[in-house]
Amino acid sequence: MSYLVLNNLTKRYGAAAAVDGLSLSIAQGEFVSLLGPSGCGKTTTLQMIAGFVEPTAGSIVLNGKELRTVPANRRGLGIVFQNYALFPHMTAAQNVAFGLEMQGVSTAECADRVADILKMVGLTHLADRYPARMSGGQQQRVALARALVIKPSVLLLDEPLSNLDAKLREEMQLELRSIQRTLGTTTVLVTHDQSEALALSDRIVVMNQGKVEQIAEPFAAYEQPQSEFVGGFLGKANIFKTEAELSAVTPSIRIGEAVLPLDGVPMPLGSVLVRPEKILFTEAQPSALPGLMKTRVFQGNHWLCQVSTSVGDVLVIRQNDGVAVPEEGTAVHMRWRAQDMRAVLSSQLKT
Amino acid sequence: MFLRNGPIGLIFHTLFILFILAPIIMVCAVAFTGDGFISLPVNGLSLRWFKAILNNPRFMDAFVFSLGLGLISATIAIVIAIPSALATARYQFRGREALMAFFLSPLMIPHIVLGLAFLKFFTSIGVSGTYFGLVVAHTIVVMPYALRLVLASATGLDPSLERAALSLGASTWTTFRRIVLPLIMPGVVSGWVIAFITSFDELTMSIFIASPSTTTLPVRIFLHIEDTIDPLVTAVSAALIYITMIAIFILDRAIGLETLFVGKGRA
Amino acid sequence: MTAIKPTQAPWLLSTPALVLYATFLIAPLASVFLISFFNFEFYGGIQVSFSLNNYLEILTDSYYYEVFARTFGVALAVTLACVVLGTAEAYVLSRMRNPWKGLFLMVVLGPLLISVVVRTLGWALLFGSTGLISKALQALGLASGPVSLMYSNLGVGIALTHVMVPFMVIAVWASLQRINPSTEAAALSLGASQFTVIRRVIVPQVMPGILSGSIMVFAMSASAFATPAIVGGRRLKTVATAAYDEFLNTLNWPLGAALAMLLLVATIVVLISTNRLIEKRYGAVFN
């Protein structure tokens with residue numbers, strides 16, 4: 001079941017740890033994303049798996065074999081680099097064939113496999129074109145084909161879609177997922193784009209400052225973030241400090257002016273996270289948080305609203321379902337279900 | 001730049017160009033004289049002195065000698081420059097600046113000093129006046145030129161290309177042969193060319209370490225001039241100018257003189 | 001890639017060059033340095049004895065004072081001439097349209113590929129009393145008889161300027177290429193005349209190029225050999241030709257070595273100190 005196992009992987013540069021004790025077990029055929037802001041250690045982790053950076057401590061075991069002793073050019077991994085790293089002096093077909101040449105594959109078989117993979121990524125007509133004459137999206141597909149044609153045990157993707165424009169990125173995301181499902185290749189994707197991680201992965205590894213904050217499936221990671229960092233990174237979040245409201249009849253908590261019954265949800269200690277799309281506008285009531293609509297932005301299929309309240313600015317996202325959204329400057333009241341509140345641990349000690 | 005040159009600029013430019021071309025045109029003109037002494041060919045062009053070169057084996061030998069010497073020195077220099085350039089371009093290490101300065105140091109040393117130094121040294125180790133000595137001296141002198149141009153290419157090389165090749169199973173040598181070398185080729189070729197030209201033209205240092213059997217063309221010309229300035233040596237010089245002009249033209253088309261000297265531009 | 005540590009790799013790669021330089025650059029220079037302290041007997045040859053005699057002789061003899069003065073004086077004059085001519089030409093070239101720009105750049109830089117001895121021969125031909133310059137001056141009525149610039153400091157200066165000016169053009173050209181053309185446009189839009197634009201916007205930005213070109217030209221002029229030898233003749237010695245004399249004619253290698261060492265030290269001191277100055281003055285502006 002555990003195909004690629006990272007055990008306590010650490011990389012130090014002097015006193016600072018770029019990656020600190022990362023442990024992760026990936027199943028064969030699984031698509032895992034390493035997600036986090038720049039400097040969180042995700043790229044360093046990838047480079048350690050690839051063999052370009054030597055770990056300070058920890059182990060990398062692939063299919064039962066320790067990888068640390070294997071040189072980079074013998075690990076049999078497929079890598080797609082952030083800037084694609086296509087060989088500029090070779091055509092697309094030659095680029096793709098390179099790995100097969102290194103493996104000593106016969107010319108005939110090589111030609112067949114190259115043709116097949118180019119067909120799979122939809123670039124048969126560009127086989128003899130040089131990278132300089134290709135668009136970013138086309139280059140990216142060649143890079144992917146080059147990495148996949150060698151039938152790698154693991155596919156490593158280093159922010160492969162970050163240089164593409166938004167529309168192309170969405171297209172490529174779908175294609176990437178579809179290709180990966182077809183081939184069944186175990187894949188590790190490094191990205192800072194949370195929507196990308198959510199869209200593509202079987203599991204997400206959220207990283208921050210070299211450490212793992214949470215490993216979970218996309219839906220779970222989004223709905224049940226374990227820390228303020230994860231909550232804030234995966235989508236938008238409102239963090240409220242809570243106090244137990246002892247004067248209420250049923251167990252309740254107080255957030256600002258609002259007193260919210262817990263409805264069976266366990267009493268949170270400290271802060272809770274509420275997703276903007278879970279907040280509704282309502283009439284004034286004890287369980288609603290009052291505020292003033294500060295800004296509202298129309299985004300087509302939804303409204304993005306910023307409401308100033310006694311506990312800070314609150315972000316609200318409302319679906320464009322025909323119901324009018326209060327205008328800027330009006331007084332509003334917001335409520336949400338108790339189940340939509342998640343207790344979160346603060347990532348840093350707040351003074 | 002937005003504005004074109006005014007009349008003052010153009011007049012200056014014309015005079016400047018005349019200044020640059022004057023001695024060269026002079027040499028080429030006098031070479032065609034029909035007289036037995038230095039004069040301008042006012043009475044018509046004659047090929048008599050060019051023909052005289054063919055009867056003078058010393059100049060022909062020196063020419064061939066210089067060609068061979070240049071070829072060997074440039075090639076050795078380039079072969080040594082490539083790993084050094086890759087080392088400096090690819091890695092950040094302590095002493096990198098110092099190492100670079102060291103490799104480029106021959107540029108700072110006057111050739112007269114190098115000439116004395118090599119003469120003394122070669123005499124001590126018994127290779128004075130030999131071909132080996134000349135090759136070594138020329139290689140050292142042309143190395144910085146070769147190195148600078150190879151370095152320019154190597155610095156522009158994307159490091160992730162090598163990683164990509166490695167990840168696809170290539171050995172270090174294969175990566176160098178199939179990926180790095182083809183991509184730094186412009187620097188290698190232009191480096192070789194400027195190394196060759198520098199060696200071919202070198203005079204000051206070579207005077208000290210040449211011997212009657214190992215004389216380069218510039219040295220032969222210089223020694224002749226020390227003796228007498230006559231139409232023969234002028235014809236030889238003119239021939240050299242014509243060959244160089246062809247070389248200039250080819251170089252400019254292929255690599256671009258701006259790239260060769262200034263380091264930027266097309267290639 | 002994982003066999004060799006990244007810290008060792010660059011040194012390993014540089015080994016061939018390091019070996020070459022250590023054996024055939026450091027060693028020869030060291031041996032010349034050493035020999036400059038030896039003595040020379042006219043009938044005995046080189047004596048292995050350690051003394052500063054040679055240096056003292058050079059520094060106290062008025063003959064050598066004249067030689068050094070001529071060498072650095074001419075070098076300074078050549079540098080100034082190159083600054084004026086080279087900068088102006090680079091500027092004019094930069095404002096030309098192609099194909100003229102490329103063509104004239106080829107004309108200006110091309111002579112660098114011709115051996116210096118050939119270029120100097122051309123000047124020797126021009127300078128002689130039967131040379132073109134003499135004839136032209138007589139024809140213009142500026143001279144009453146044949147004029148020869150050969151064997152004169154002026155002649156050496158002119159010929160050296162010719163040899164060195166392309167280097168200055170290169171240095172200034174490189175600087176000019178880096179100037180953002182919009183700065184000129186901005187100045188013009190703010191009411192500056194063309195002259196003011198050159199003086200206040202272009203020259204300051206081109207200064208580093210001018211300065212580095214100057215160092216190069218000065219150092220190369222001071223140590224030039226072929227041109228002073230041919231045009232200067234036997235009587236007008238520079239440090240380089242004097243060292244040549246001692247080494248190959250008088251066979252007083254120690255003295256020649258001492259001359260060479262002094263020239264080397266002077267050259268390096270000028271190069272390094274002026275480089276530092278440029279770094280300090282312009283480093284913040286152009287880094």
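These legends describe close-up views of a predicted model.

**View 1. Chain A meets chain B.** Chain A brings 17 residues to the contact, and chain B brings 14 residues. On the side of chain A that touches chain B, helix α2 (residues 92–103) of chain A gives the most, with four residues.

**View 2. Helix α4 of chain A, end to end.** This helix covers residues 136–148. At 1.5 Å a residue, its 13 residues should span 18 Å. The C-alpha atoms at its ends are 18 Å apart, so the two values agree.

**View 3. The surroundings of α4(A).** Of the 13 residues in α4(A), 10 are buried, so the helix is largely enclosed by the rest of the structure. Among the buried residues are Q139(A), R141(A), V142(A) and L144(A). Which elements do the buried residues of α4(A) pack against? In chain A they pack against the strands β6 (78–80) and β7 (154–158). They also pack against the helices α2, α3 (107–120) and α5 (166–183) of chain A.

**View 4. An open sheet of five strands in chain A.** The strand order is β16-β20-β17-β18-β19, and the pairing is antiparallel. Strands β16 (280–282) and β19 (312–319) of chain A are the edges, each pairing on one side only. Neighbouring strands of the sheet are turned by 50° against each other on average, direction ignored.

**View 5. Strand β18 beside β19 in chain A.** Strand β18 spans residues 302–309 of chain A. Eight bridges join β18 to β19(A), and the two run antiparallel. Q306(A) stands opposite L315(A) in β19(A). In general, strands of a sheet pair through backbone hydrogen bonds.

Conventions. Residues numbered from 1 in each chain as written. Chains lettered and ligands numbered in written order. Predicted model: local features only at pLDDT ≥ 70, side-chain atom pairs only at ≥ 80, totals over all residues. Contact = placed C-beta atoms within 7 Å. Expected span 1.5 Å × (residues − 1). Buried ≥ 20, exposed ≤ 12 C-beta atoms within 10 Å, placed from the backbone. Pairing = 2+ DSSP bridges. Axes fitted to C-alpha atoms, helices over the stretch in contact; angles between N-to-C directions.
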